[in-house]
Amino acid sequence: MKSISILGSTGSIGTNALRVIDAFPDAFCAVGLAGGRNIADLASQVQAVRPVIVSCWDRESADDLQALLRSRGHDTEGTRFVHGREGNIEVACHPAADMVLSAISGAAGLVPTHSALEAGKSIALANKETLVMAGRLMMDRARQKGVEILPVDSEHNAIHQCLRGGRRREVRRLILTASGGPFLKTPRDQMPSVTPGQALNHPTWNMGRKITIDSATLMNKGLEVIEASWLFGVPPEEIEVTVHPQSIVHSMVEFVDGSILAHLGLTDMRLAIQYALSYPERWNSPLPSLDISKLGRLEFEKPDREKFRCLNLAYAALAQGGTAPAALNAANEVAVDLFLNDAIGFHRIPEVIESVLASHAGGRDDSLESILEADAWGRREAQRLSRGARPKRD
């Protein structure tokens with residue numbers, strides 16, 4: 001029986017992870033949940049899995065959760081209720097957990113995931129920002145602790161599976177696939193008038209708001225390039241992005257002889273989650289098989305890097321190294337939030353990020369303190385650069 005703590009249990013990855021755990025009751029159990037502000041859903045999860053520890057956004061949320069559970073007649077004895085970042089760390093480091101599924105959105109996932117590594121936990125990683133901000137630190141610590149970091153993102157999960165077909169020295173390049181988001185065919189001159197509602201209308205995946213906007217700008221793919229570089233030990237010049245609107249091929253690996261292994265699968269995150277939780281074994285899945293006869297055409301094209309400038313910015317931050325990726329991520333999180341709140345236009349997202357990178361003085365990425373300092377600086381600088389930039393739309 002593998003005991004799992006879930007950071008971000010009420011998000012799309014967390015809820016799907018609980019579905020996977022429920023499908024294998026003799027193999028998995030959820031011992032810790034961190035669910036943020038979504039008290040109603042978190043209460044239902046607590047009732048279903050009876051974890052030993054639960055973390056909420058703040059003390060008020062923790063009190064509200066306990067009150068809601070009592071009103072439903074749920075006995076909370078045996079469950080510890082905690083809150084805030086320290087609460088998330090307690091969930092991540094709880095002695096009963098063998099593995100931590102890290103699915104908190106954004107930079108907030110870094111500290112508890114790092115703490116889980118320090119506690120010797122294996123990591124199923126769905127929070128790409130952890131390796132974007134602190135790839136060197138996290139991978140070095142995982143090696144020192146002798147634990148695995150297993151990717152849950154569909155693209156990196158696909159590459160992990162493809163790499164089982166060859167040795168590292170045989171790899172020529174990694175090929176990350178991108179859906180292209182909702183604006184793949186939108187003319188470049190119409191991008192400034194894009195609204196948050198339009199950007200949140202993803203054609204393929206059902207994701208959180210921030211990740212959906214990142215998909216629309218292709219920053220999501222840029223962050224994945226940085227994550228892949230650290231996760232698989234591959235330099236940026238050996239990582240390529242291709243647009244694949246059907247989202248059936250989740251990623252590919254080309255080997256030195258020209259052979260390409262591709263991972264195909266349903267657009268259902270339970271496949272990647274199950275792989276990460278059951279690794280190194282493969283188990284029968286309750287999901288239906290992919291019907292190849294009904295796929296039709298599978299299309300691939302180069303991304304328009306002038307229209308989707310965030311992709312180039314991510315490559316630039318990775319090449320710059322040090323704390324540049326942490327500053328990039330911080331600026332992106334601020335710019336996305338401002339766009340969602342109609343404070344800046346869609347086209348301003350890459351402009352803000354580029355300006356932050358241009359003024360970033362650099363820093364070492366071998367300590368958590370310096371990485372968090374770069375994150376805080378990037379947020380302040382992005383806010384400063386965004387003042388007075390409210391969008392004008394027809």
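User: Why is phenylalanine 24 called buried?

Analyst: Its relative accessible area is 15%, and buried means under 20% (exposed is over 50%, partly exposed is in between, with a 1.4 Å probe and protein chains only). So phenylalanine 24 counts as buried. Keep in mind that this is a predicted model, where local features need pLDDT of at least 70, side-chain atom pairs count only at pLDDT 80 or more, and totals for chains, interfaces and linings use all residues. Residues are numbered from 1 along each chain as its sequence is written, and side-chain values use heavy atoms, leaving out hydrogens and water.

User: What makes phenylalanine 24 and tryptophan 283 a tilted pair?

Analyst: Rings of Phe, Tyr and Trp (its six-membered ring) pair if their centres lie within 6.5 Å; planes under 30 degrees apart are stacked, over 60 edge-to-face, and the rest tilted. Here the centres are 5.3 Å apart and the planes sit at 50°, so the pair goes in the tilted group.

User: Where in the chain do those two partners come from?

Analyst: Phenylalanine 24 is in the loop between helix H1 (12-23) and strand S2 (28-36), while tryptophan 283 is in the loop between H11 and helix H12 (310-320). They are 259 residues apart, so the pair links distant parts of the chain. Helices (H or I, at least four residues) and strands (E, at least two) are DSSP runs, numbered from the N terminus.

User: Is tryptophan 283 buried, partly exposed or exposed?

Analyst: Partly exposed: its relative accessibility is 28%.

User: How do you know that helix H11 is largely enclosed?

Analyst: Nine of its 10 residues (269-278) are buried, so the rest of the structure largely encloses H11. Among the buried ones are Met269, Arg270 and Tyr275.

User: What makes the link between lysine 221 and glutamate 155 a polar contact?

Analyst: Their side chains are joined at 2.9 Å. A polar contact is a pair of N or O atoms within 3.5 Å; within protein, one must be able to donate a hydrogen and the other to accept it, and residues adjacent in sequence count only if both atoms are side-chain atoms. So 2.9 Å is inside the cut-off.
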